[in-house]
Amino acid sequence: MTVNATRPKRLRSASPLSLRLVAWILLFSSAFSLLASGAQIYIDYQEDLDKIRERMRVIESGYRSSLAQSLWALDQKHLQTQMEGILSLPYIDHLRLRIEPGSEVVMGTLPRGADVLTHHFDLVHVDGNEFRLGELTVTANLQGLYSDLRRRVGLILATQFFIVFFVSILVFWIFRHLVTRHLAAMADYTRDLSLETLSRPLILHRPDTAAYRSDELGMVTDAINQMRERLNNDVARRERDEAEIRKFSEAIEQSPSSVLICDRQWHIEYANHKFSQLTGHKPEEIIGKHPSALIAPNVDQVEAGQLWQGIRLQVKRVGVWQGEVNSVRRNGDRYWEQIVVTPIKDKAGESSGYLILGEDISIRKRYEQQLLRQANYDVLTGLPNRMLALDRLKLALAQARRDESQVGVMFLDLDNFKHINDTLGHDAGDTLLVEAARRISSCLRGASTVARLGGDEFLVILPGLAGPGDSNQVAERILKTFTPPFILNGQEVFVSTSIGIAIFPTDSDNSSNLLQHADAAMYQAKHQGKSSYARFAPEMTEVSHERLQMESHMRKALELGELELHFQPIVETRSGNLVGAEALLRWNNPALGIVMPDRFIPLAEETGLIIPIGEWVINEACKAAQSWQALTGRDISIAVNVSPRQFRDPKFIDIVMHALWSSELRPELLELEITERLILDNSIETAEILKQLDAGGIRLSVDDFGTGYSALSYLKSYPFDSLKIDKSFVQDVLKEAEDASLVRAIIQMAHSLGLDVIAEGVESEDQTHFLKTENCDYSQGYFYSRPMTEQDFIHWLETNERAFS
């Protein structure tokens, strides 16, 4: 319904519904009018009768006394006058006065057969006693009343007829205008309703207001329009469903998965293109066959039948079956297939067929096998990794509990592996790990397992041991296999290993504790001098606990201000004048006491804490050197050791330059001591870092020269300013001719390359004479001073006149 509605396209000239409505209105209105009029006439008739009776009672009450007096007085004239007065009243046509004892007076006449109404009353004279004088009978003629009643009936009936007639015509018009014409429009609309006209809504020609929308016609109109919308939606849904069916049909046909549709008896009804492409079977060749019949003839038919029997049972019981099947193509090639079988159910929930989806997962299976191997085996060495090793250890312990045998757990760590990795590069380190894994594996027999736990750590599991001595023999064989050199980058390198041993159930009865105990024993073997093995002892847990405790304390050392620098003077050998100092790190922990660098620096490198610690050392050393310059007015250089891990930090150059900038120390007064093993890593990164440091004016020195591999060929490739002879050569320079010759050769070689030489560990005057004789440039050692705190060093500067003489 809308305000500007259009009229129905076809209106009927007659409205049967309206005519029937008018007929019924006329019938019921007439009947009602007759009943109502009859009732009204009857009521009026009774009222008129009541009025006549009331008038007779009034005559009795008004004339009784006067009539009695006239009769007592025998006043005939007055009596006649009174009776004539009564006859003059309406409807009173006859009076009869009977006078005692036997006479009567009659006045008026009555028509024959007329309906009358009579009233009697006695005339009595009271004079002490009552004397009955006579009786007056008053008769009223009702013919006039009936005449008035007939006129009234005619008028009422005529009036009611015209009222009913005009009301019926009005109702007919109103009903036709408000109802029947709209019903006709609805009939025309529904008669013309079709798929082509669904887009046109039903519109009635009447105002679009809330009152009209909520009446019955409005509700019917809304219902018809809603039905039209539903039909429209049903048509659209049917079209969509048809489109979806076409799309699903195309999707199934073009699906990347093979699709088979079977009937209730598992006979194939449909196969898509992918199935033919995957298996080589054409659809027309397999229609009507059972899926098990597609298996190649050379495949076990009994096994295939059992497989499909199991599939049918599970689909019936669970509603779905899925699994991986090693299938065969028509040409005999085998492949892995992921199959899902589900029933196709009708509306009643009964299976009307079966859907079989298949997917070639051969590539995925290969990847899974590869991932399974990667998850359980070390990629580099091919050995079991930590996860697989722990599983095998648990199995070995379970078997040992049943057999009441022993299990040996060996923890191996390659000695100086980080040194080789830093100096010869990661490729050489990988080669060393692969060869080490091969040598360890060659020492094992039977069900023993060797695994790589990570880095240079290996785990050996020895199940079924008769006694602890068996593990010792294996350890000795492993140490023996490490005696020959390893060939890395074309050169011979000697690498040993340290082995820790723990025995089940003697040392522990669970895998976690066995590994911890074997690890503790391995650290004990390293403390024994490396290239050895050690059997776990209870006191070793204290060493391991101490190492953990040290790591925990060290992580908070910087924050708590427990680190401090000590300084050892560096003097000119010939004059003894101070030229600089070396910054030496010390750790003063309340729980551990004074911890020397050789105890905590290796641990700091392992945990990565060496980077923030090294940054703090460089900053503090530069600040100290600047303060010395301000105090003495002399240039005093500062030497700082740099670890390989710190050197390879991407932010290392920025850290150094920031330390110089913040302390305002000139770059030439900072000397960075690089270990000899670092320069053997002849990499582009190493060369670039050294080049940038040299370009910044920072002095570079080779620390502990002569203790590692021969680096003479590399010195000319890098911009070094000096090298330091290790104290192990200096301390025996007067006792061992070989050490003296080596020191002499190092000094001459360094001078030929334009490098200054600094001798470490000078402890006697004789050593200084030797170094002067050999033209060693600078010296450092206890002979001049022990390492001092910053305050002590400042005091030494202020009191030692020799330093600047």
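**Reading the sheet, a helix and the cores**

Author: Lysine 345 stands opposite serine 351 in strand E9. Please bear in mind that this is a predicted model.

Reader: Which strands does that pairing join, and how many bridges are there?

Author: Strands of a sheet pair through backbone hydrogen bonds, either parallel or antiparallel. Here, strand E8 (residues 334–345) and strand E9 (residues 351–360) run antiparallel and are joined by 9 bridges.

Reader: In what order do the strands of the sheet lie?

Author: The open sheet consists of 5 strands, ordered E6-E5-E9-E8-E7, with antiparallel pairing. Strand E6 (268–271) and strand E7 (321–328) are the edge strands, each pairing on one side only. From one strand to the next, the twist averages 25°.

Reader: Which helix packs on the sheet?

Author: Helix H9 (residues 362–376) does so, touching E7, E8 and E9. The direction of H9 makes about 115° with that of E8.

Reader: How should I read the buried residues of helix H17?

Author: An α-helix has 3.6 residues a turn, so residues three or four places apart point the same way. In helix H17 (residues 597–607), the buried residues are Phe600, Leu603, Ala604 and Glu605. Just after H17, glycine 608 takes a positive phi of about 85°.

Reader: How many residues has the largest nonpolar core?

Author: That core has 75 residues, and Trp628, Ile638, Leu672, Leu693 and Leu723 have the most contacts inside it. Helix H18 (residues 610–632) contributes the largest share, 9 residues. A second, separate core has 32 residues, among them Leu424 and Ile499.

Methods: Residues are numbered from 1 along each chain as its sequence is written. This is a predicted model: local features need pLDDT of at least 70, side-chain atom pairs count only at pLDDT 80 or more; totals for chains, interfaces and linings use all residues. Side-chain values use heavy atoms; hydrogens and water are left out. Two strands pair if DSSP finds at least two bridges between them. Helices (H or I, at least four residues) and strands (E, at least two) are DSSP runs, numbered from the N terminus. Axes are lines fitted to C-alpha atoms, for helices over the stretch in contact, and angles run from 0 to 180 degrees between N-to-C directions. Contact means heavy atoms within 4.5 Å. Buried means under 20% relative accessible area, exposed over 50%, partly exposed in between (1.4 Å probe, protein chains only). A nonpolar core is a set of buried Ala, Val, Leu, Ile, Met, Phe, Trp, Tyr and Cys residues joined through side-chain atoms within 4.5 Å.
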